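Look over the sequence and the structure first, then read on.

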Amino acid sequence: MKNILVIGASGQIGTELVLALRKRFGNDSTIASDIKIPNKTVLDSGVFEKLDILDKKQLKSIIDKHQIKEVYLLAALLSATAEKHPNFAWKLNMDGLFNVLDLAKEKIIDKVFWPSSIAVFGPTTPRENTPQITVMEPTTVYGISKLAGERWCEYYFNQYNVDVRSIRYPGLISYSSLPGGGTTDYAVDIFYSAKKGETFNCFLKEDTELPMMYMEDAIRATINLMETQKENIKIRSSYNIAGFSFTPKDIYDEIKTNIPNFSINYQPDFRQKIADSWPKSIDDQQAKKDWNWTPEFNLKKTIGTMLKNIRLS
Ligand code: NAD
Ligand code: AKB
């Protein structure tokens, strides 16, 4: 029996993570929380608490009420939205993390998962097969907040023995809930246009290659990392993990083999500059070595799964 709290449970990752944790540890194991009401499956399968992560008192009272020992902190503003609200993005992404890390420092909770992103890298980072340890000069508010967050996670581990674990997720592709304001969102949106029989207006150029991953792999990686023996975890900032990389043209061409009439327009906007500052592919040797990370989905399998499961309402 676990006492887990997922914060940001109504978002793209939270929706699937809560269900995966409940499946693994039982419906009573995992409390979902968010400022937004989750979907019906999350709501009907266990407890939901309305929680604003910026309200430290409310966080503490929910943790006390449910005797929480593990927290997955997913609440954040993502790259595109963060560029529109830089001050608030910094506040939410940093204060939210401190509120949780401080409870772990006080030994009220035992373990924390906090996601980082490929956005920690910047234009001066080697873009092909980006190493675990390399130049990191992010140029987005989101990337700066994630890099600062990584540094603080490592600091809390070194100074206060806080068991905080992290993954630098690539762009995630899923059908259970829509993505929330990122630069990689096009790789989900494209499936909805394809299924509706619409022309897809892509906000990135056709040759923009980015690292991506199917959600099931990301959830498996997250739970595996949290279950790894403490002494095997050598990286306390955040682990690189890789799925597969593709361009808008690659995914369009592959979807078109299933839906021959599908058409696309390229209309790059402000998100192009963000994408151009990120890696094309990721080296994840360290995660493979430390906790046996291995992806199961490639682009073809992801496309088949998405087209089969997306429901248009
Ligand atoms: P999302 O935007 O879909 O979900 C975030 C959730 O946080 C939303 O449900 C939102 O209502 C909630 N939230 C916002 N402010 C809150 C607050 N003050 N208190 C409580 N909840 C609040 O994001 P996501 O895609 O699920 O991402 C989750 C985490 O993973 C983020 O830290 C993000 O940076 C990271 N990440 C995501 C991706 C991706 O492709 N989805 C890639 C890399 C990293
Ligand atoms: C975004 O595009 O902002 C996210 C991410 C890669 O962190 N999907």
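The largest pocket has a volume of about 900 Å³. This is a predicted model.

**The largest pocket**
- Its lining is made up of 43 residues.
- Leu74, Ala75, Ala76, Leu78 and Gly180 lie nearest the centre of this pocket.
- Elements that give two or more residues to the lining are H1, strand S2 (30-34), helix H4 (79-84), helix H5 (86-105), S6, H6 and S9.
- H1 gives the most, with 3 residues.
- By class, the lining has 22 nonpolar, 16 polar and 5 charged residues.

**Ligand 1**
- The shell around ligand 1 holds 26 residues.
- Gln12, Asp34, Asp52, Tyr142 and Lys146 are the closest of them.
- Gln12 uses its backbone: an N or O atom there lies 2.8 Å from an oxygen atom of ligand 1.
- Lys146 uses its side chain, with an N or O atom 2.9 Å from an oxygen atom of the ligand.
- Leu172 has a polar backbone atom 2.9 Å from an oxygen atom of ligand 1.
- Alone, ligand 1 exposes 830 Å², and the protein buries 93% of that.
- Helix H1 (12-25), strand S6 (116-117), helix H6 (141-160) and strand S9 (171-173) each give two or more residues to the shell.
- The shell divides into 14 nonpolar, 8 polar and 4 charged residues.

**Ligand 2**
- Around ligand 2 stand Leu78, Ser79, Ser117, Ile118, Tyr142, Gly182, Thr183, Thr184 and Trp278.
- Ser79 places a polar side-chain atom 2.5 Å from an oxygen atom of ligand 2.
- Tyr142 has a side-chain N or O atom 2.7 Å from an oxygen atom of the ligand.
- A polar backbone atom of Thr183 is 2.6 Å from an oxygen atom of ligand 2.
- Taken alone, ligand 2 exposes 250 Å², of which the protein buries 93%.
- This shell has 4 nonpolar, 5 polar and no charged residues.
- Tyr142 is also among the residues closest to ligand 1.

**The second largest pocket**
- The second largest pocket has a volume of about 410 Å³.
- Its lining counts 19 residues, with Glu16, Leu19, Ala20, Lys23 and Ile219 nearest the centre.
- H1, helix H8 (215-227) and helix H12 (299-309) each supply at least two lining residues.
- The lining divides into 7 nonpolar, 7 polar and 5 charged residues.

Methods. Residues are numbered from 1 along each chain as its sequence is written. Chains are lettered from A and ligands numbered from 1 in the order in which they are written. This is a predicted model: local features need pLDDT of at least 70, side-chain atom pairs count only at pLDDT 80 or more; totals for chains, interfaces and linings use all residues. Side-chain values use heavy atoms; hydrogens and water are left out. A residue is near a molecule or strand if one of its heavy atoms lies within 4 Å of it. A polar contact is a pair of N or O atoms within 3.5 Å; within protein, one must be able to donate a hydrogen and the other to accept it, and residues adjacent in sequence count only if both atoms are side-chain atoms. Accessible areas come from the Shrake-Rupley method with a 1.4 Å probe; for residues, only the protein chains shown count as cover. Helices (H or I, at least four residues) and strands (E, at least two) are DSSP runs, numbered from the N terminus. Ala, Val, Leu, Ile, Met, Phe, Trp, Tyr, Cys and Pro count as nonpolar, Asp, Glu, Lys and Arg as charged, and the others, Gly among them, as polar. On a 1 Å grid over the protein atoms alone, a cavity is a set of points where a 1.4 Å probe fits but cannot get out, and a pocket is an open set with protein on both sides within 12 Å along at least five of seven lines; lining residues have an atom within 4 Å of a point. Grid points are joined across faces, edges and corners, and a volume is the space filled by probe spheres set on the points.
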